[in-house]
2 protein chains.
Amino acid sequence: MSQYRPFTPQDAIELAKTLPGPFAADANLDCHEIGDGNLNLVFHITDQNSDKSIIIKQALPYAKVVGESWPLSLVRARIEREILQEEYRLCPGMVPEVYHYDDDLALTVMEDLSDHVIMRKGLIEGVSYPLFAQHIGEFMARTLFFTSDLGMDQQLKKEQQGRFINPDQCKITEDLIFDEPYRIAEKNNYDVSIEDEAEALRTDGVLHLEVALLREKFLTHGQALLHGDLHTGSIFVTPESTKVIDPEFAYYGPMGFDVGAVLANLLLNYASLPGWIQDETALRERETLLLNMVRDVWTEFESRFRALWVNDLVDPMAKTPRYQDLYVQQLFRDSIGFAGAKMVRRIVGLAHVADIDTIPNATEREHAQRKALSIGKALIKNNRRLNTIGEVLDIVSTAVSTNKA
Amino acid sequence: MSQYRPFTPQDAIELAKTLPGPFAADANLDCHEIGDGNLNLVFHITDQNSDKSIIIKQALPYAKVVGESWPLSLVRARIEREILQEEYRLCPGMVPEVYHYDDDLALTVMEDLSDHVIMRKGLIEGVSYPLFAQHIGEFMARTLFFTSDLGMDQQLKKEQQGRFINPDQCKITEDLIFDEPYRIAEKNNYDVSIEDEAEALRTDGVLHLEVALLREKFLTHGQALLHGDLHTGSIFVTPESTKVIDPEFAYYGPMGFDVGAVLANLLLNYASLPGWIQDETALRERETLLLNMVRDVWTEFESRFRALWVNDLVDPMAKTPRYQDLYVQQLFRDSIGFAGAKMVRRIVGLAHVADIDTIPNATEREHAQRKALSIGKALIKNNRRLNTIGEVLDIVSTAVSTNKA
């Protein structure tokens with residue numbers, strides 16, 4: 001049994017040399033630590049004499065946030081490794097392949113995806129990903145369906161749920177998404193220019209009620225094995241390929257939390273666009289493209305999820321007429337509510353998104369923040385009565401124009 | 001570490017002699033196996049020279065049902081012992097005290113409650129339990145509240161949920177309550193005289209949809225640590241005292257499943273009354289008493305649960321105005337739906353209740369079965385639109401009179 005210690009690049013190279021494949025015994029390996037250093041070390045190991053490369057990711061026993069240290073269980077490394085393997089089984093080629101792991105060292109050796117770019121960066125740069133909605137729809141439909149009571153043995157699901165109890169990571173979500181943005185909290189983080197917006201969040205009882213209901217779902221609804229942090233910074237893309245990474249927040253929760261994460265991050269990018277594109281026509285085109293992606297992510301997900309229900313259902317009671325429609329309706333509403341909560345927290349909470357934070361012009365940045373909050377609040381407040389993605393897009397337009405007025 | 005073997009009465013006596021307290025070293029102990037032998041051995045050990053006595057309960061690695069053997073994990077013995085200790089901590093005096101346990105032998109040594117009677121028996125004999133609603137209201141309010149995200153640390157709750165994963169026992173519930181009564185199934189068990197009722201259950205799409213939704217809640221909604229089998233055969237009573245036993249079905253599920261179990265079993269006894277009481281006036285009085293108990297169990301539970309919310313809430317987000325009302329409304333609806341499902345399964349499913357099955361007159365017995373089904377179906381079909389226990393009692397009256405017509 002290994003004893004935990006944080007790796008140095010030299011440790012990473014030595015481990016890489018002992019692994020069967022990919023490197024020759026006498027290979028000259030380079031190693032760079034490329035993580036952001038907040039939660040994990042990420043070593044990128046390349047061979048000077050071949051195009052072979054690997055990633056070694058190691059969990060740190062703390063998170064660096066607002067200058068202090070927040071203890072975190074290393075169990076998340078085992079959880080991340082196990083769910084990567086489970087996702088790979090369900091969606092081959094859509095997550096990095098795991099080559100090796102050591103749970104005591106809290107590390108995983110995996111496929112290097114550096115031929116892809118982080119989707120958030122690609123979106124900010126204006127790249128188009130015409131296959132993304134299909135890919136992510138497929139990923140979410142398969143990972144959520146086949147880990148739920150709909151698509152797997154219901155007793156094995158319970159055992160699996162027990163293996164993915166992930167309290168430390170869930171606590172981060174519970175605090176940062178479902179609590180702190182709605183009160184005065186030390187970790188909140190926003191420009192003084194939107195103090196009026198932050199105060200409005202703290203005093204809006206209608207909003208608080210909906211957030212409390214969403215929080216309860218996150219705390220209690222063990223529907224499927226979630227990725228748990230499915231934003232565009234956890235997705236590597238090329239125009240042809242989509243790879244999901246970093247599932248260390250995985251646990252059994254409400255399906256809509258994953259779907260909502262994708263929708264929220266596309267809408268955050270949408271809200272940022274006037275800060276990046278001056279030309280009016282180009283701006284309108286890109287906005288339309290982003291809203292079409294929002295629509296397509298839902299419809300691609302829904303059609304695949306419903307197809308799995310028809311073909312791969314293991315629970316005979318779920319064949320009951322109208323049950324699928326009620327189930328999908330609730331899943332849709334949850335997704336919209338969670339999307340709203342994720343937008344709000346990215347403006348006033350601890351962790352922001354580069355789409356908005358790096359807008360060069362301060363006035364445009366503030367506009368984007370207000371627009372994102374306006375959309376986010378409208379999604380949260382309306383989630384329990386929405387039925388179609390078209391209604392959501394109408395709400396986005398209304399929230400945006402109200403915001404302007 | 002002990003090795004599992006089923007105990008004989010002699011084994012039980014020998015273990016009892018080694019325990020510190022309650023018996024003298026030279027005590028003359030008697031032992032009778034008093035379990036029904038389906039799932040567990042229950043040894044009642046008494047001292048010929050004192051009034052001291054204990055119970056030793058040992059789980060069997062199978063269930064005897066319909067003449068065959070159904071393998072069951074012994075883990076349930078550890079789960080039962082742990083939840084007894086947890087319930088004792090939360091409600092001292094309302095469950096048997098655990099004196100000793102051996103998880104490898106799957107046995108627990110506990111307080112003897114033979115000065116109490118099984119509540120189902122007491123109810124059939126016409127005894128009144130004027131304190132029962134307060135007692136069980138207190139028991140359910142405290143055990144459900146303090147094991148939920150409302151009343152305990154939300155991260156410790158997740159760890160606890162992991163310890164109470166109980167697939168084998170849940171499978172029994174999922175099959176016997178939420179599946180088999182609604183289709184042709186080998187384990188179903190009912191008189192040919194009500195084949196029309198059984199067929200109606202199999203073909204009622206409206207009913208199936210509601211059962212599918214209740215089943216989903218049972219499968220996914222990890223709201224609180226449930227007793228999991230809280231019928232009147234799991235409750236020991238005297239007119240002054242209430243003790244809950246046999247929590248081997250414990251797991252993290254929807255609170256309404258426990259509340260509904262109590263309501264269902266009172267209503268099953270209510271439906272049986274014309275089979276036991278000939279005198280019209282006495283019958284009406286007893287029926288009123290039972291319906292008042294149904295009303296009181298809910299109101300006593302609700303008022304205590306709301307008081308705990310005011311005084312012992314750990315989740316600040318749950319203080320949001322109107323959230324408590326929405327939460328309690330949903331809990332009420334769940335309770336009524338589960339109550340209905342539990343009534344139906346006790347008529348056509350594998351396991352019945354003596355209240356109805358032992359009615360001497362066959363015609364009266366059939367009337368009681370039809371009445372119970374009529375009430376059960378009405379509760380299931382209306383659960384999602386009900387708001388008050390008064391409406392439930394109206395539905396009971398309507399179901400009964402429709403049944404008669």
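Which residue stands opposite A:Cys31 in strand 2 of chain A? It's A:Ile45. Before we follow that pair into its sheet, a word on ground rules. This is a predicted model, in which local features need pLDDT of at least 70 and side-chain atom pairs count only at pLDDT 80 or more, while totals for chains, interfaces and linings use all residues. Residues are numbered from 1 along each chain as its sequence is written, chains are lettered from A and ligands numbered from 1 in the order in which they are written, and side-chain values use heavy atoms, with hydrogens and water left out.

Back to the sheet. Strand 1 and strand 2 (residues 40-47) of chain A pair in the antiparallel sense over five bridges; pairing here asks for at least two DSSP bridges between two strands. Helices (H or I, at least four residues) and strands (E, at least two) are DSSP runs, numbered from the N terminus. The whole thing is an open sheet of five strands in chain A, ordered 1-2-3-7-6 with antiparallel pairing. Strand 1 (29-33) and strand 6 (98-102) of chain A form the edges, each pairing on one side only. From one strand to the next, the twist averages 20°.

Two helices pack on this sheet. Helix 1 (residues 9-18) of chain A touches strands 1, 2, 3, 6 and 7 of chain A, and its direction makes about 135° with that of strand 1. Helix 2 (residues 75-90) of chain A touches strands 2, 3, 6 and 7 of chain A, at about 155° to the direction of strand 6. Angles run from 0 to 180 degrees between N-to-C directions, and axes are lines fitted to C-alpha atoms, for helices over the stretch in contact.

Chain A also has an open sheet of three strands, ordered 8-10-11 with antiparallel pairing. Strand 8 (117-118) and strand 11 (242-244) of chain A each have a single partner strand, so one side of each is left without a neighbour in the sheet. Strand 10 (residues 235-237) of chain A pairs with strand 11 of chain A over three bridges, and A:Val237 stands opposite A:Thr242 there. Helix 4 (residues 132-146) of chain A lies across strands 10 and 11 of chain A, at about 35° to strand 11.

A:Phe132 is in contact (heavy atoms within 4.5 Å) with residues including A:Ile235, A:Val237 and A:Thr242. A:Phe132 is also one of the residues with the most contacts inside the largest nonpolar core, which has 203 residues. Such a core is a set of buried Ala, Val, Leu, Ile, Met, Phe, Trp, Tyr and Cys residues joined through side-chain atoms within 4.5 Å.

Over in chain B, helix 6 (residues 167-178) and helix 11 (residues 323-348) pack at about 75°, with their axes 9 Å apart. They are therefore roughly perpendicular, a label covering 65 to 115 degrees. B:Leu176, B:Ile177 and B:Phe178 in helix 6 meet B:Phe338, B:Ala341, B:Lys342 and B:Arg345 in helix 11 of chain B.

Most residues other than glycine have a negative phi. Phi of A:Arg322 is near 80°, in the loop between helix 10 and helix 11 of chain A, and A:Arg322 is exposed at 56% relative accessible area. Phi of B:Ala106 is near 55°, yet B:Ala106 is buried at 2%. Buried means under 20% relative accessible area, exposed over 50%, and partly exposed in between (1.4 Å probe, protein chains only).

Notes: Angles under 35 degrees count as roughly parallel, over 145 as roughly antiparallel, 65 to 115 as roughly perpendicular and the rest as oblique. Lists of a residue's contacts leave out its neighbours within four places in sequence.
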